[in-house]
Amino acid sequence: KVKNYLDHKNIPIIAAASAESLNRLAPEGFRPKDSLPEAKTVLVFANPVSLSSYITPQNKYLYYFYISSYHTYYRMANEIANNISFMLEEEGFPSLPIPSYSPMKFENGHFNGLISLKHAAAEAGLGKIGKNTLLIHPERGNTLRFGGILTTFEWPTESPGDFPELC
């Protein structure tokens, strides 16, 4: 049902990470168990931002194409995450939508989301964290924007991939 919904919404990328592994890797306050103690899975979905939005001339007006694409995607990701959470709850699996952009916590000089979707994506095998601290997908590079759900449903997970050609 969830996969069909994401297909209908034209979301091309979906993967799942074990909440248990992210509980071991993430700092306190940013772990799945800090928000949903019985979480089993972090479901991550992604959509690429249009490449054209990166190449528009950077003047005070055309820059809005770039900014608009981000705002549009984050709003859409939050709506999709909310809807999937409701679907899973109707099936008896408590679930929380993970905010795709804000709120954020400021800690140790860095802004962090409540749950790091890029780290969940890496743990789910979608790519690796590059030197630029962004997730690099083997086909889409670092143009992906993520949405996610914490759920007690135990989704089949992949192990982190090995992407030696990506930096």
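A salt bridge here is a side-chain nitrogen of Lys or Arg within 4 Å of a carboxyl oxygen of Asp or Glu. Glu-20 and Arg-24 meet that rule, with their closest N and O atoms 3.4 Å apart. The model is a predicted one.

**Salt bridges**

Side chains of opposite charge can pair when their charged atoms come close. The whole structure holds three salt bridges. They are listed below.

| Salt bridge | Closest N and O atoms |
|---|---|
| Lys-1 and Glu-91 | 3.9 Å |
| Lys-3 and Asp-7 | 3.0 Å |
| Glu-20 and Arg-24 | 3.4 Å |

Lys-1 and Glu-91 form a salt bridge. This pair links distant parts of the chain, 90 residues apart. Lys-1 sits in the segment before helix 1 (2-8), and Glu-91 in the loop between helix 5 and strand 3. Lys-1 is exposed, at 59% relative accessibility. Glu-91 is exposed too, at 52%.

Lys-3 and Asp-7 both belong to helix 1. Lys-3 is partly exposed at 38% relative accessibility, and Asp-7 is partly exposed at 42%.

Glu-20 and Arg-24 lie in helix 2, also four residues apart, or about one turn of the helix. Glu-20 has a relative accessible area of 56% and is exposed. Arg-24 is exposed, with 60%.

**Aromatic rings and a nonpolar patch**

There are five aromatic pairs. In one of them, Phe-153 and Trp-155 have ring centres 5.7 Å apart. Their planes stand at 75 degrees, so the pair is edge-to-face. Phe-153 is partly exposed, with a relative accessible area of 26%.

Ring pairs also join Tyr-70, Tyr-73, Tyr-74 and Tyr-101 into a cluster. Tyr-101 is in the loop between strand 3 (95-98) and strand 4 (104-107). At 46% relative accessibility, Tyr-101 is partly exposed. Tyr-101 also contributes to a nonpolar surface patch of about 470 Å², together with Met-104, Phe-106 and Phe-111.

**The largest pocket**

The largest pocket has a volume of about 1000 Å³. Its lining comprises 34 residues. Closest to its centre are Gly-113, Ser-116, Leu-117, Lys-118 and His-119.

Which element supplies the largest share of the lining of the largest pocket? Helix 6 does, with five residues. Several elements each supply at least two residues of this lining, including helix 2 (19-25), helix 5 (63-90), strand 5 (110-113) and strand 8 (144-151).

Conventions:
Residues numbered from 1 in each chain as written. Predicted model: local features only at pLDDT ≥ 70, side-chain atom pairs only at ≥ 80, totals over all residues. Heavy atoms only, no water. Phe/Tyr/Trp six-rings, centres within 6.5 Å; stacked < 30°, edge-to-face > 60°. Buried < 20%, exposed > 50% of the residue type's maximum accessible area, 1.4 Å probe, protein only. Patch = residues over 30% accessible without salt bridge, like charges linked within 9 Å, V, L, I, M, F, W, Y side chains within 5 Å. Areas by Shrake-Rupley, 256 points an atom, 1.4 Å probe, with all protein chains shown as cover. 1 Å grid on protein atoms, 1.4 Å probe; cavity = no way out; pocket = protein on both sides within 12 Å on 5 of 7 lines; lining within 4 Å. Points joined across faces, edges and corners; volume = space filled by probe spheres on them.
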